[in-house]
Amino acid sequence: MALEILLIESAGGPVCGVDEAGRGPWAGPVSAGAVILDPDDLPAGIDDSKALTHARREALEIEIKARALAWGVGFASVEEIETHNILHATGLAMCRAVEALSIQPTAALVDGNYRFKLPCEVRTVVGGDGLSLSIAAASILAKTARDRLMVALDAEYPGYGFAGHKGYNAPVHSAALKDLGPCPAHRRSWAPIRALLES
């Protein structure tokens, strides 16, 4: 919590960690999490969501939501990704996550080096999900929320394997796209999808 404590002192108020999930897939929305952790009640084992198993992420999601001072999740839809591009759609999802917090933060620690426009002061942290517990917690909430939504999309659009690969590039996904063509959940401006549409 060293980064958070330094920023709390300089910003003079609550600090949240913010991270996204789903910038790279061929299908589905991009999601973001925002978390204000309680320094006196930290769940054990918080880490970058990519370093955790599915079961561990789900267990930590419950603990984070129960013990954090505030948490929020936001999404930007496939339509918004197509309209605004993935970078700006990620910013929309992050804004929605921060706005969903029950306590509005004075500042946010954001993973990466891009200073998204959020409703509070922003400090970027390259490799933040490995350096900041609140960013790591946000990464867990973003990932678990998006994974659940992709499982729901798998039921809505069967045949693509969304429940397994979560919309990312995978052999089963490429094969399904060739057989079935894209569905409404696909990002049609993405090069592999565009190539299929143009073939």
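**Entry 1: a helix across the sheet**

I began with helix α6, which lies across β1, β2, β3, β4 and β5 and runs at about 40 degrees to β1. For angles I used axes fitted to C-alpha atoms, for helices over the stretch in contact, with values from 0 to 180 degrees between N-to-C directions. Contact here means heavy atoms within 4.5 Å.

A note on the source: this is a predicted model, where local features need pLDDT of at least 70 and side-chain atom pairs count only at pLDDT 80 or more, while totals for chains, interfaces and linings use all residues. Residues are numbered from 1 along each chain as its sequence is written, and side-chain values use heavy atoms, with hydrogens and water left out.

**Entry 2: the sheet itself**

Next I looked up the strand order. I found 5 strands in an open sheet, ordered β3-β2-β1-β4-β5, with mixed pairing. The edge strands are β3 (70–76) and β5 (121–125), each pairing on one side only. From one strand to the next, the twist averages 25 degrees. Two strands count as paired if DSSP finds at least two bridges between them.

The bridge partner of G33 is V73 in β3. Helix α1 (residues 2–11) also packs on the sheet, where it touches β1, β4 (107–111) and β5; its direction makes about 145 degrees with that of β4.

**Entry 3: the whole chain**

I noted 9 helices and 5 strands in the chain; these are DSSP runs numbered from the N terminus, helices being H or I of at least four residues and strands E of at least two. Along the sequence the pattern reads α-β-β-α-β-α-α-β-β-α-α-α-α-α. The radius of gyration is 17 Å, close to the 16 Å that the globule rule gives for 199 residues, so the chain is as compact as a globular protein of that length. That radius is taken over C-alpha atoms, and the rule is 2.2 Å times the number of residues to the power 0.38.

**Entry 4: the largest pocket**

Last, I looked at the largest pocket, with a volume of about 220 Å³. A pocket is an open set of points on a 1 Å grid over the protein atoms alone, where a 1.4 Å probe fits, with protein on both sides within 12 Å along at least five of seven lines; lining residues have an atom within 4 Å of a point. The volume is the space filled by probe spheres set on the points. Of its 15 lining residues, A21, S49, K50, K143 and Y168 are the closest to the centre. Helix α6 turns up again here, giving the most to the lining with 4 residues.
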